[in-house]
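Hello! Here are a few friendly remarks to read alongside the model, so please keep it open as you go.

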Amino acid sequence: MSHGAALRRASGDSDLASHMMHDHRNAKLDSQTYGMLEFAEKLTISPGLMEETDVVRLRDLGLVDEQILSLVLVACKFNLLTRIANGLGVELSEGFQSVVEKWIVGPANEQPWLMDPK
């Protein structure tokens with residue numbers, strides 16, 4: 001929810017944010033963004049099926065190796081933190097969403113590096 005709210009605010013496109021939260025395949029995305037999401041999804045769901053051709057496909061979409069490494073690291077970090085929370089049975093309190101939303105429209109919005117869509 002917090003990522004969807006951040007995307008909605010940064011892009012001004014609530015349809016895009018909704019599609020991204022539920023199924024990125026329904027969003028109007030450029031081929032490079034779509035390819036990155038497909039790569040990240042495969043790495044998350046079927047890491048044992050990753051092959052060199054997956055990386056080559058990203059290069060064909062215009063990504064350089066540093067960008068591919070960043071994509072892998074972001075996906076892995078997200079997956080690691082999620083697995084830790086799941087493994088420890090972490091549950092978010094009912095008020096957590098409102099705290100996140102206040103942060104997104106307040107302090108987070110004041111951080112150009114965080115809110116810049118580049």
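Predicted model: local features only at pLDDT ≥ 70, side-chain atom pairs only at ≥ 80, totals over all residues.

1. Residues are numbered from 1 along each chain as its sequence is written, and side-chain values use heavy atoms, with hydrogens and water left out.

2. The chain has seven helices and zero strands (helices are DSSP runs of H or I with at least four residues, strands are runs of E with at least two, numbered from the N terminus). Of its 118 residues, 19% count as buried (buried is under 20% relative accessible area, exposed over 50%, partly exposed in between, with a 1.4 Å probe and protein chains only).

3. Now look at helix α3, residues 31-45. Its 15 residues should span 21 Å at 1.5 Å a residue, and the end C-alpha atoms are 21 Å apart, which agrees (the expected span is 1.5 Å times one less than the number of residues).

4. Which residues of α3 are buried? They are Gly35, Phe39, Ala40 and Leu43. They cover an arc of only 135° around the axis, which puts them on the same side of α3 (the arc is that of the directions from the helix axis to the C-beta atoms). An α-helix has 3.6 residues a turn, so residues three or four places apart point the same way.

5. The buried residues of α3 pack against α4 (52-60) and α5, while Ser31 and Ile45 are exposed on the other side of α3.

6. Finally, find Leu81 in helix α5 (residues 65-87).

Technical notes. Contact = heavy atoms within 4.5 Å.
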